Amino acid sequence: MVIEENLLRRPDPDSHALVEAGFTSGPLAAAFESIPVLETRGGLSKEDFDRDYRAAMRPVVLEGFVKDWPAVQTWSFEHLARLCPDVEVVVDSYNSQKARRVTFPDFVRQLEENEGNTESPLYLQEWLFQANAPQLAADMPELEVAQYDFRRNLYGDDAATNHQLWLGQTGGVTRLHQDSYSVDVMHAQLVGTKRWHVMGPQAQLRRGADGEPDWQALLEAPETQLHRFDLRPGDLLYLPAGWFHRIELLENSIGLGRKCLDEANLRIHIKQRMNELLALLLNYDEVAHTHPDLVPVLMSRSRVFADRLGLDLSRLRP
């Protein structure tokens with residue numbers, strides 16, 4: 001097995017903990033006071049966005065871009081519990097030891113009981129809500145700036161609009177990662193505020209001659225492109241494919257993750273999807289050992305994807 005030298009991309013729990021410690025108490029934490037805030041724009045047209053950001057692959061926060069959405073105007077955890085009285089969700093799905101299936105109202109009750117527990121905040125991650133709560137989609141209209149998403153051509157409308165909701169308590173963290181499948185990230189903040197730290201796709205954290213992570217080299221390298229910013233209700237983030245990102249919930253929060261496939265990334269997108277599916281099929285035991293917390297998420301993601309494609313998993317051909 002090839003050993004990944006870039007610690008930011010290592011899949012093992014020890015590397016995850018090392019990188020996370022860099023954010024919370026290590027050199028990255030000390031650097032946050034001086035790192036630049038990501039560029040923020042308001043009142044941007046689709047033409048300006050396409051020219052200045054998507055074509056240039058430059059991340060940007062579009063301030064107030066979705067502020068008029070019904071989800072931004074009316075949603076709360078209690079409101080969603082009324083809309084989804086019998087819907088089941090998986091809480092803390094990125095932790096195989098804590099993951100559990102509950103109804104959405106039960107999740108809200110657990111949030112209330114756990115309020116103030118910043119050591120173990122609850123987090124509902126990557127809820128593919130259109131599989132079991134499609135009624136919510138009407139409150140989050142499709143984005144004009146996202147219509148370049150080539151997944152519609154590739155998979156059809158149902159699979160291409162398989163967006164995700166992320167709901168959690170103050171103190172919840174999504175560790176530093178790159179999104180799968182070489183897709184652009186568009187994240188709409190609906191409730192509460194999230195703090196993001198992002199790094200460019202070529203950012204590297206390697207061990208120095210002493211065997212310790214060379215944080216200084218990471219911070220000084222121009223390709224690191226470290227930025228921070230707070231995403232507030234009504235804001236929309238555009239983050240090109242491959243950018244590293246880490247998210248911390250500053251308040252109880254709800255956000256919509258909307259992915260977009262640029263046609264320029266089509267070949268690598270297909271290769272990454274095939275790699276994932278074939279790894280699960282042909283090398284399941286090893287990937288379950290090397291990615292114990294991610295494999296259940298991938299299996300759930302694949303089942304929903306197959307359903308959105310209208311596939312019969314008991315047959316070899318659709």
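Student: Which residue in strand 12 stands opposite His177?
Tutor: This is a predicted model, so read every contact as part of a prediction. Strand 12 covers residues 244–249 and pairs with strand 7. In strand 12, the residue opposite His177 is His245.

Student: In which sense do strand 7 and strand 12 pair, and over how many bridges?
Tutor: Strands of a sheet pair through backbone hydrogen bonds, either parallel or antiparallel. For strand 7 and strand 12 the sense is antiparallel, and the number of bridges is 3.

Student: In what order do the 4 strands of the open sheet lie?
Tutor: The pairing in this sheet is antiparallel. Two strands pair on one side only: strand 7 (173–177) and strand 10 (227–231) are the edges. Neighbouring strands are turned by 15° against each other on average, direction ignored. The order is 7-12-9-10.

Student: What angle does helix 1 make with strand 7?
Tutor: Helix 1 spans residues 13–24 and packs on the sheet. Its contacts there are with strand 7, strand 9 (194–199) and strand 12. Against the direction of strand 7, the direction of helix 1 makes about 110°.

Student: Which element gives the largest share of the lining of the largest cavity?
Tutor: The largest cavity holds about 60 Å³ of space. Its lining consists of Leu7, Leu8, Ser15, His16, Val19, Glu20, Arg175 and Leu176. The largest share, 4 residues, comes from helix 1.

Student: What is the volume of the second largest cavity?
Tutor: Trp69, Met140, Pro141, Glu142, Leu143, His163, Leu256 and Arg258 line this cavity. By class they are 5 nonpolar, 1 polar and 2 charged. The second largest cavity has a volume of about 40 Å³.

Student: Which helix supplies the largest share of the lining of the second largest pocket?
Tutor: This pocket has a volume of about 750 Å³. Helix 10 (266–282) and helix 12 (295–309) each give at least two residues to the lining. The largest share is 7 residues, from helix 10.

Student: How many residues in the lining of the second largest pocket are nonpolar?
Tutor: The lining has 21 residues, and the closest to the pocket centre are Leu277, Ser302, Ala306, Leu311 and Leu313. By class, 1 residue of the lining is polar and 5 are charged. The nonpolar count is 15.

Student: Why does Leu250 count as partly exposed?
Tutor: Leu250 lies in the loop between strand 12 and strand 13 (253–260). Leaving out residues up to four places away in sequence, Leu250 touches Thr170, Thr193, Lys194, Arg195 and Asp230. Partly exposed runs between the buried limit of under 20% and the exposed limit of over 50%. Leu250 counts as partly exposed because its relative accessibility is 30%.

Student: How far apart in space are Leu250 and Leu261?
Tutor: In sequence, Leu250 and Leu261 are 11 residues apart. In space, C-alpha to C-alpha, the distance between them is 29 Å.

Note on methods. Residues numbered from 1 in each chain as written. Predicted model: local features only at pLDDT ≥ 70, side-chain atom pairs only at ≥ 80, totals over all residues. Heavy atoms only, no water. Pairing = 2+ DSSP bridges. Axes fitted to C-alpha atoms, helices over the stretch in contact; angles between N-to-C directions. Contact = heavy atoms within 4.5 Å. 1 Å grid on protein atoms, 1.4 Å probe; cavity = no way out; pocket = protein on both sides within 12 Å on 5 of 7 lines; lining within 4 Å. Points joined across faces, edges and corners; volume = space filled by probe spheres on them. Nonpolar A, V, L, I, M, F, W, Y, C, P; charged D, E, K, R; others polar. Buried < 20%, exposed > 50% of the residue type's maximum accessible area, 1.4 Å probe, protein only.
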